[in-house]
Amino acid sequence: MTRDDPRALRAPDAATTPAPGAGEFCTQAWSDAGALVEAIVGHPFNQSLARGDLPRDTFMHYLAQDWSYLDGFARVLSAAATLSPTSQDAAV
């Protein structure tokens with residue numbers, strides 16, 4: 001694996017990594033995630049989708065998988081909301 005390989009990304013050591021100053025969090029987060037963002041943007045699926053030449057069957061498969069994920073995510077959020085001590089906490 002190379003340094004640019006997203007699988008090589010490691011969480012920074014919290015004990016030695018200084019916290020960003022006010023207003024710097026997003027800049028630091030984007031900087032830290034740079035290689036991963038490039039890998040996502042450069043992925044053949046995303047490149048083909050952006051060019052508009054993604055095969056219909058591939059896109060339909062993606063939509064079915066995304067629906068399955070979002071359905072499960074909604075169920076988890078719903079379950080978490082029922083465990084919240086107040087309705088205000090559930091809304092967060």
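A salt bridge here is a side-chain nitrogen of Lys or Arg within 4 Å of a carboxyl oxygen of Asp or Glu. Keep in mind as you click around that this is a predicted model.

**Stop one: Asp71 and Arg75.** Select this pair and show the side chains. The closest N and O atoms are 3.2 Å apart, and with a cut-off of 4 Å the pair therefore counts as a salt bridge. Where do Asp71 and Arg75 lie? Both are in helix α4, residues 56-83, and they sit 4 residues apart, about one turn of the helix.

**Stop two: Arg51 and Asp53.** How many salt bridges does the structure hold? There are 2, and another one to click on joins the side chains of Arg51 and Asp53, at 3.0 Å from N to O. Arg51 is exposed, with a relative accessible area of 55%. Asp53 comes in at 41%, which makes it partly exposed.

**Stop three: Tyr69 and Phe73.** Back to helix α4 for some rings. Tyr69 and Phe73 are 4 residues apart in that helix, so about one helical turn separates them. The structure has 3 aromatic pairs. In the Tyr69 and Phe73 pair, the ring centres are 5.9 Å apart and the planes make an angle of 15°, so this pair is stacked. Are these residues buried or exposed? Tyr69 counts as exposed, at 52% relative accessibility, and Phe73 as partly exposed, at 39%.

**Stop four: the ring cluster.** Now select Phe45, Phe59 and Tyr62 together. Ring pairs link these three residues into a cluster.

**Stop five: α2 against α3.** Finally, colour helix α2 (residues 34-42) and helix α3 (residues 44-51) separately. Two packed helices are described by the angle between their axes and the distance between the axes. Here the axes come within 5 Å and cross at roughly 55°, so α2 and α3 are oblique to each other. Which residues meet? On the α2 side, pick Ile40, Val41 and Gly42; on the α3 side, pick Pro44, Asn46 and Gln47. Colour the contact by class and you'll get 3 nonpolar and 3 polar residues, with no charged ones.

Notes
Residues numbered from 1 in each chain as written. Predicted model: local features only at pLDDT ≥ 70, side-chain atom pairs only at ≥ 80, totals over all residues. Heavy atoms only, no water. Axes fitted to C-alpha atoms, helices over the stretch in contact; angles between N-to-C directions. Helix = DSSP H or I, 4+ residues; strand = E, 2+ residues; numbered from the N terminus. Parallel < 35°, antiparallel > 145°, perpendicular 65-115°, else oblique. Contact = heavy atoms within 4.5 Å. Nonpolar A, V, L, I, M, F, W, Y, C, P; charged D, E, K, R; others polar. Buried < 20%, exposed > 50% of the residue type's maximum accessible area, 1.4 Å probe, protein only. Phe/Tyr/Trp six-rings, centres within 6.5 Å; stacked < 30°, edge-to-face > 60°.
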